[in-house]
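Student: I'm new to this one. Can you put it up and take me through it?

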Amino acid sequence: MLNIGLLGLGVVGIGIVQILEERKDYLEKFIKKEINISKILVKDIEKIRDIEIDRRKLTTDIHEIIEDNSIDVIIEVMGGLDKPYEYIKEALSRGKNVITANKAVVAKYLEELTDLARKNNRLFLYEASVGGGIPIIKPLKEQININEIQEIRGILNGTSNYILTRMVTDDLSFKEALEISQNLGYAEADPTDDIEGYDTRRKLRILSTIAFKDRINEDNISCYGINSINFKDIKNIKNMNCTIKLLGTAVLNNNKYYASVEPVILSQDSYLGKVDNAKNLVSFIGDMVGELRFFGEGAGRFPTANAVLSDLIDITTNTYPKMSLGVNIDLDNMNRLYKGKYYMRIDTRENTEDKIEKYIKENGIIENMIEKKEGIIFTTKSISKEKLERMTDLFKIDKKDYFTARLEV
């Protein structure tokens, strides 16, 4: 019998229970074991849930699960950081395999928990932490044994993609699109992680660390979100016959890497430009296999639960690819030297417009002036992002008063 301890019975936890119930007969024949959810950790046993569950399996005491020697696998879908980390660490230390969908825990403690699992001859799996139902982590781990991964790139956050899609297709303001996203359950009440790019940065940190075989810290991934984009920007982007996406990109070349999260202006006909609403698309390029693309639902009850249970099957059938983190040593971060062309809007204060125009001309920044009315809008020559950041610091321009996006057209 395969006994499971489930930590969390929210949206994803319920999805896991429902899939296991629906597919129980087939899965048990496939893995040649009876599947049993022994205990489920919840905050409130008496809470009314949209699923029938044996309340005798519910507990508010983590020790009833962690210290139960009959439980083989822990599945963590409770969210948060500190408590899930402690529970996962304790479970691995006690010789249990662990599966999680928690990107915050994986991003912060990937190396530590992977090493702890290895020392205890157990698995720490986290397919659902990136891309929801999209299988990306397992294929990436399989390919790094044959390929040198040269690039990872993608739309990794469904909330930001939904907001940008609605702004472009329906001429909505950022505030209007965000409110719709919140009403539909895509965005949290506090949407900071999504719109500031932090969620995408965590996922890119996970993928690039695996791909490049070295620790890529979040601090070494430049991050700029979409919260200052406005209707004027959308209008200008559409006039270019383009669209805009929040992309995570990591590139490795000769032990030097560039990693960023930022809005990117793309052709409407490009494969990334066609990814709309809450969908995700992730691609990676290997020196042998070329480019592989993975597209699908980036979140949701059943897509995420599906990814979790894929990990469960790999554990029970012993079909997960073996890999080590940290094979390379001291990759150099080259973010400061990376160059690109940018679109930029600055809402200028009184008497600063002419000064900024003079500065961007004298310092070889501007390529084309789009507008000079109640502010300044222009595109740049190929420059480092740092050059734009120095300008905003010099003129003390608040983050809410400007927007910039890399041009790929």
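Student: Is Tyr162 buried or exposed?

Tutor: Tyr162 counts as buried, at 6% relative accessibility. Buried means under 20% relative accessible area, exposed means over 50%, and partly exposed is in between, with a 1.4 Å probe and protein chains only. Note that this is a predicted model: local features need pLDDT of at least 70, side-chain atom pairs count only at pLDDT 80 or more, and totals for chains, interfaces and linings use all residues. Residues are numbered from 1 along each chain as its sequence is written, and side-chain values use heavy atoms, leaving out hydrogens and water.

Student: How many aromatic pairs are there?

Tutor: The count comes to nine. Rings of Phe, Tyr and Trp (its six-membered ring) pair if their centres lie within 6.5 Å; planes under 30 degrees apart are stacked, over 60 edge-to-face, and the rest tilted.

Student: What kind of pair do Tyr26 and Phe30 form?

Tutor: A stacked one, with 6.2 Å centre to centre and 10° between the planes. Tyr26 and Phe30 are about one helical turn apart, because they are four residues apart in helix α2. Helices here are DSSP runs (H or I, at least four residues), as are strands (E, at least two), numbered from the N terminus. Tyr26 is partly exposed at 48%, and Phe30 is partly exposed at 41%.

Student: And what pair do Tyr162 and Tyr186 make?

Tutor: A tilted pair: 4.9 Å centre to centre, 50° between the planes. The pair links distant parts of the chain, 24 residues apart. Tyr162 is in helix α7 (residues 158-170), while Tyr186 is in the loop between α8 (174-183) and α9 (192-195). Tyr186 is partly exposed, at 38% relative accessibility.

Student: Which residues do ring pairs link into a cluster?

Tutor: Tyr224, Tyr402 and Phe403.

Student: What lies over the face of Tyr271?

Tutor: Arg293, at 3.5 Å from the ring centre. The rule asks for NZ of Lys or CZ of Arg within 6 Å of the ring centre and within 35 degrees of the ring normal.

Student: New topic. Which residues line the largest cavity?

Tutor: Leu20, Leu27, Ile31, Ile35, Leu309, Leu312, Ile313 and Thr316. A cavity is a set of points on a 1 Å grid over the protein atoms alone where a 1.4 Å probe fits but cannot get out; lining residues have an atom within 4 Å of a point.

Student: Which helix gives the largest share of that lining?

Tutor: α12, with four residues. Both α2 (24-31) and α12 (301-317) supply at least two.

Key
On a 1 Å grid over the protein atoms alone, a cavity is a set of points where a 1.4 Å probe fits but cannot get out, and a pocket is an open set with protein on both sides within 12 Å along at least five of seven lines; lining residues have an atom within 4 Å of a point.
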